[in-house]
Amino acid sequence: MSDRLSDFDKSTRINELKSVIKDAEFMASDIKAVNTHLHTFYSFNIEGISPTEVLYRAKRAGVEVAGTVDFDVLDAMEEVFEVGDILKLRTIASLEARVFVEDYADRDINSPGESGVLYAMGVGFTKLPEAGSNAEKVLTQMRTGVRERNIQLLSRLESTLAPMVLDYVGDVESLTPAGNVTERHLIEALELKSKSMYSGVELHTYWSERLGMTVEEVASMIDDSATLRNTIRAKLMKRGGVGYKQPDSSTFPPLKSMMDMVREMKALPCWAWLDGSSNGEKDATELVEYMVSVGIRSIAIIPERNWNFADEAVKKAKVAALNDIVEAGRRHDMLFVVGTEMNNYGQPFVDDFSAPELAPFVGDFMSGAYVVYGHTILELVASKGMMSDWAAEMFGTDYSSMNKFYAQLGEAAVDPVGAKEKLGSLKDFSNLDAVIAAVK
């Protein structure tokens with residue numbers, strides 16, 4: 001794979017893509033899989049790859065719909081659509097952020113040990129916010145809030161890390177093309193900086209003193225970045241570590257603020273479900289009904305972490321919880337937005353939809369991806385996505401019919417360029433069957 005596909009310069013990677021696809025072999029898409037939750041280097045991807053490269057890999061893997069998700073920013077969005085057109089790949093763009101849910105202030109949801117904290121999302125974005133809009137204000141606050149929290153975290157670590165000092169701009173922000181730093185970038189910077197200052201026994205001793213481990217224990221993992229970084233994170237940045245600060249309602253924006261921004265931009269409000277093990281997730285029906293009450297109709301799920309376990313008892317419990325959340329979502333015509341993240345070690349690039357444990361849910365997962373893609377292209381071309389006045393007039397609160405229409409549209413629109421051209425020339429959108437037929 002060419003490094004130029006993930007060059008920090010967008011024109012370089014787009015030009016490289018156009019070059020490499022001349023000789024690329026793409027799998028047939030009859031594997032019937034999707035991945036709509038792929039992080040890129042605009043937040044953190046475990047391999048440091050760009051939207052261009054992650055979508056190129058998705059095309060080569062034969063997925064039907066591919067989508068990027070980055071923390072707190074939409075920096076990848078325009079590239080996602082451009083690359084989708086080049087590759088003839090259905091693509092969607094989403095955003096993820098941590099928010100605070102006051103109604104769950106006394107319960108964990110999907111951030112273990114952090115009551116009230118929720119990983120929330122907006123899916124199916126098609127545009128950047130208008131200048132001066134409330135959405136622009138919220139997005140700006142999200143980006144600056146992350147920076148402030150990172151700098152505060154490093155400040156709490158300062159005495160522990162001494163004499164090593166990180167230059168936030170030079171050592172950390174330089175690791176990502178738009179300066180949007182995540183906690184994992186901080187850990188990467190710590191590893192790189194320490195190895196630039198020390199080697200051998202001095203390096204082992206430095207980390208043994210700061211991690212509370214023996215020199216021998218550090219030496220055994222020092223060349224294994226995955227283990228070293230996960231250890232640094234667990235010992236210094238998570239609960240019990242000197243850098244950790246328990247979040248509260250002042251740490252992250254409220255759920256309503258983010259969801260108002262998502263709606264203003266005509267994207268779909270969404271929340272991420274973890275695995276049903278927390279006291280806030282254990283009652284799937286209650287949680288889904290709460291999300292419905294605040295206007296959220298999409299659930300993001302990482303299937304791999306909800307079935308793929310060697311321990312049969314653990315697997316059985318995880319799959320049962322997955323079944324509960326899917327069943328609860330189905331009762332409210334919710335969309336399921338699934339993928340593999342690719343922001344941590346060991347995650348597969350594509351889910352194994354042939355696994356017997358996932359068989360009952362594959363139809364929901366495929367349909368959800370087609371729906372969001374159908375929403376995306378119709379919003380891009382005609383401002384008639386699922387959050388539009390047109391959709392409200394056509395479907396009202398008949399979410400089952402709405403989902404069916406956008407799913408059929410998304411599945412039919414195999415070639416993004418051709419589909420958008422045909423929809424762009426359509427004059428009458430009152431006949432839903434004709435709209436779907438137009439893109440076939």
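Is R143 buried, partly exposed or exposed? With a relative accessibility of 32%, R143 counts as partly exposed, a label for values between buried (under 20% relative accessible area) and exposed (over 50%), using a 1.4 Å probe and protein chains only.

Before going on, some housekeeping: this is a predicted model, in which local features need pLDDT of at least 70 and side-chain atom pairs count only at pLDDT 80 or more, while totals for chains, interfaces and linings use all residues. Residues are numbered from 1 along each chain as its sequence is written, and side-chain values use heavy atoms, with hydrogens and water left out.

**Stop 1: R143 and D75.** R143 sits in helix α4 (residues 134–161) and D75 in the loop between β2 (65–71) and α3, so the link spans 68 residues of chain; helices (H or I, at least four residues) and strands (E, at least two) are DSSP runs, numbered from the N terminus. D75 is partly exposed at 27%.

**Stop 2: helix α1.** Select residues 10–20. The buried ones are T12, R13, I14, E16 and L17, and their cover includes α2 (51–61) and α3 (77–87). Now show R4 with E16: their side chains meet in a salt bridge at 3.2 Å, N to O. R4 lies in the segment before α1, so the pair ties together parts 12 residues apart in sequence. E16 is buried at 14%, whereas R4 is partly exposed at 44%.

Next, pick K10 and E82, another salt bridge, with the closest N and O atoms 3.2 Å apart. This one links helix α1 to helix α3, across 72 residues. In total, the structure holds 25 salt bridges.

**Stop 3: the nonpolar cores.** A nonpolar core is a set of buried Ala, Val, Leu, Ile, Met, Phe, Trp, Tyr and Cys residues joined through side-chain atoms within 4.5 Å. The largest has 111 residues, and M261, W271, I325 and Y406 touch the most other members. Color helix α13 (residues 362–382) too: with 11 residues, α13 gives the most to this core. Zoom in on M261 and you'll find contacts (heavy atoms within 4.5 Å) with L95, F125, A135, V138, L139 and M142, leaving aside residues up to four places away in sequence. Apart from that core lies another, of 26 residues, including Y168, I187, A189 and M221.

Key:
A salt bridge is a side-chain nitrogen of Lys or Arg within 4 Å of a carboxyl oxygen of Asp or Glu.
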